[in-house]
Every structure is written in structure tokens, then in C-alpha cells.
Amino acid sequence: MTPALTLEGVSINFGGIRALEGVSCEVPDGQLRGIIGPNGSGKTTLLNVISRIYPVSGGSIRLFDDDITRWPNHAVARHGVMRTYQRVALVNQLTVLENVMLGLHATRPQSLLDIAFRTSGYRRVERESVDRARETLEFVGIEDLADRKGDELSGGQMRLVEIARAVVSRPRVLLLDEPAAGLSLVRIDEVSELIRRINGELGVTVILVEHVLNLVMSLCERISVLVSGQLLVESGTPSEVQEDPRVREAYLGQARARSRQAGGGEGTAHDEGEAADARA
Ligand SMILES: Nc1ncnc2c1ncn2[C@@H]1O[C@H](COP(=O)(O)OP(=O)(O)O)[C@@H](O)[C@H]1O
Ligand SMILES: [Mg+2]
């Protein structure tokens, strides 16, 4: 079966920094793939090159049968790749329902004439959009938030709305950038269960970039490990990754470097968390 995503030798430079170097991997259709790696290893950049926000310096990216390496960002979205961001970006002036509807506009652009004259076609599409957005809010379990404004939500609620916006168009591939960042343990469980249902019930291929290693380990069938822009592990099971001494060293090495920079023997709580996660 054709893989959902195929990366071959993907590289990208920022000035003198080589953020990704020769990254090759395949993600089968329907898989829930985790991507882990220390801070600055290139995880977000990888999502940015897949969603075609950044042009690659070398290599190729395929989405099912299409070579999307040079496609514009909106074309990739229209062909079924949706994403969330490390920093949640909702439109505060819009309601939750309207924010979720934005996810449909990304994939079904309407002409300015249709919008300006509110043609019957436009009104029909708009009604369908409202229905789809409501269904998605129900799927995510936040239909009671439909009329709230973006800035009235808690961090955890914002994450759920952002994920709803990314799945309302029923993407083929969903890219999630640290969806558990900054959430309490209870909220992490909610997000985790939602990701599992998006993959299992909707059949969406999911690429989960995440710093909370326990989440990735419990959720993902396969995990890729990025270190300094290169794939240290292309695709391992959670136990293979956990037992790989190179992976532990990459995480522990970063925690040690930071604690040296901080000038003391103790790392920050965050560093300690990473080191503990790597051992977990
Ligand atoms: N737009 C950019 N301009 C310059 N450097 C960037 C840019 N985006 C990422 N980088 C650099 O690329 C490397 C990888 O960053 P990133 O992908 O954000 O890492 P991660 O998400 O794994 O923490 C870092 O060294 C970062 O500073
Ligand atoms: Mg990142």
C-alpha cells in the first residue's frame, strides 16, 4: 500500500544552521507516528517542511502518490494535510464555532464574489460548514463551548479547539506539534484519548511531535527520533526506542549541557523532566 508520507533525503538550512539533514522516512497510511527529540533537534521544522511552510534545500516529499516537494502550502492543505502549532493560534475575536469553521475555509476556498454577494451557493456551503463544525465539536466533546470567544478559554480548551479546527475538514494526514505542552496531567489524558480516536475512529494518519515522552510511548505504534536534524531512529517501537542507549544519551546530554550553562549542578525542572522521561 502507498505510504501516506514518504520523505527522501530532506534537508533544510537556515543561514549557517542545517536544521534537517538527509531525513528519509515513510509513514504508512493510518499509522499514529510519534516524533521525539531534544529541543532544537528539528521537530517543528520537519512539520513545517511537510506542510510546505518552508521550502526544502534538498530531497523530496510525497503525499500518497503526489510529489508535493514544490507545492504551495494551501495546495497541501487542500490535499488533506492539516496541522496544529506549538503555540496555539486561535482568533480571539471569533467564537469557538467560527474558529473551527476556519479549518474548512483552508480546504474549500470560495471566491470573493461569492462571499461579497452572499450567493445561494455561498449560503449553502456556509450552512454545511456550520453543521460540520458542530459535529466536530461534538466529536471532540466541547460542543458546550461553541459560542465562547477564543480568549475566554483555558489553555487546555484552546488545544482542543485547535485540534477540532484541524480535523473538521477530515484530513488524510494530521500533524500535531506538541499538543500536550503546558497542560495538566488530566488535560494530557484528554488530548491523548482524542488523538487515539482521531486515528482509530476517523482513520486519520497522525504525526505526533511531542515532548511529553510518556504520551508518545503509550499512544504511538512507531516512533522516529530526531537528533540535531538527523533521524537517529527512523521507525522504532516504543520499547526499542526506550532501550536505545543513543536516545537516552541524546536527552541526558542536553539536560547536562543546560545544567552546566545554568552554572550549577541542578538542571531546571524542565530539564529534569526530560531526563526522567528519557529514562522512563
Ligand atoms: N525560521 C527559522 N530561522 C532560523 N532558524 C530556525 C528557524 N526555524 C528553526 N530554526 C532552527 O532550526 C533548529 C531546529 O528548530 P526546531 O525545528 O524548532 O526544533 P524543535 O522543534 O525540535 O525544538 C534550531 O536550531 C532552530 O534555531
Ligand atoms: Mg518545536
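**Metal site, sheet and helix packing**

The magnesium ion (ligand 2) has Thr44 (OG1) and Gln86 (OE1) as its protein donors, at 2.0 to 2.3 Å. The model is a predicted one.

Q: How many residues apart in sequence are the parts that the pair Thr44 and Gln86 ties together?
A: Thr44 belongs to helix H1 (residues 43–50). Gln86 belongs to the loop between strand S6 (81–83) and helix H3 (96–105). The pair therefore ties together parts whose separation in sequence is 42 residues.

Q: Does Thr44 count as buried, partly exposed or exposed, and what does Gln86 count as?
A: Buried requires a relative accessible area under 20%, and exposed requires one over 50%. Thr44 has a relative accessibility of 26%, so Thr44 is partly exposed. Gln86 has 36%, so Gln86 also counts as partly exposed.

Q: Which strands are the edge strands of the open sheet?
A: The open sheet has four strands in the order S2-S1-S4-S5, with antiparallel pairing. An edge strand here pairs on one side only. The edge strands are strand S2 (17–27) and strand S5 (66–67).

Q: What is the bridge partner of Thr6 in S2?
A: Strand S1 (residues 5–14) pairs with S2 in the antiparallel sense, over seven bridges. In S2, the bridge partner of Thr6 is Glu26.

Q: What angle does the direction of H1 make with that of S1?
A: H1 packs on the sheet and touches S1, S2 and strand S4 (58–63). The direction of H1 makes with that of S1 an angle of about 115 degrees.

Q: Is H6 roughly parallel or roughly antiparallel to H7?
A: The axes of H6 and H7 are 10 Å apart, and the packing angle is about 10 degrees. Angles under 35 degrees count as roughly parallel. H6 is therefore, relative to H7, roughly parallel.

Q: How many residues of the contact of H6 with H7 are nonpolar?
A: From H6, the contact involves Gly156, Gln157, Leu160, Ile163 and Val167. They meet Arg187, Glu190, Val191, Leu194 and Ile198 in H7. Two of the contact residues are polar and two are charged, and the nonpolar ones number six.

Q: What is the relative accessible area of Glu178, a residue with a positive phi?
A: Most residues other than glycine have a negative phi. Glu178 is not a glycine, yet its phi is about 50 degrees, and Glu178 sits in the loop between S7 and helix H7 (185–200). Glu178 is buried, because its relative accessible area is 8%.

Terms used
Residues numbered from 1 in each chain as written. Chains lettered and ligands numbered in written order. Predicted model: local features only at pLDDT ≥ 70, side-chain atom pairs only at ≥ 80, totals over all residues. Heavy atoms only, no water. Helix = DSSP H or I, 4+ residues; strand = E, 2+ residues; numbered from the N terminus. Buried < 20%, exposed > 50% of the residue type's maximum accessible area, 1.4 Å probe, protein only. Axes fitted to C-alpha atoms, helices over the stretch in contact; angles between N-to-C directions. Parallel < 35°, antiparallel > 145°, perpendicular 65-115°, else oblique. Contact = heavy atoms within 4.5 Å. Nonpolar A, V, L, I, M, F, W, Y, C, P; charged D, E, K, R; others polar. Donors = N, O, S within 2.8 Å, 3.2 Å for Na, K, Ca; no water. Pairing = 2+ DSSP bridges.
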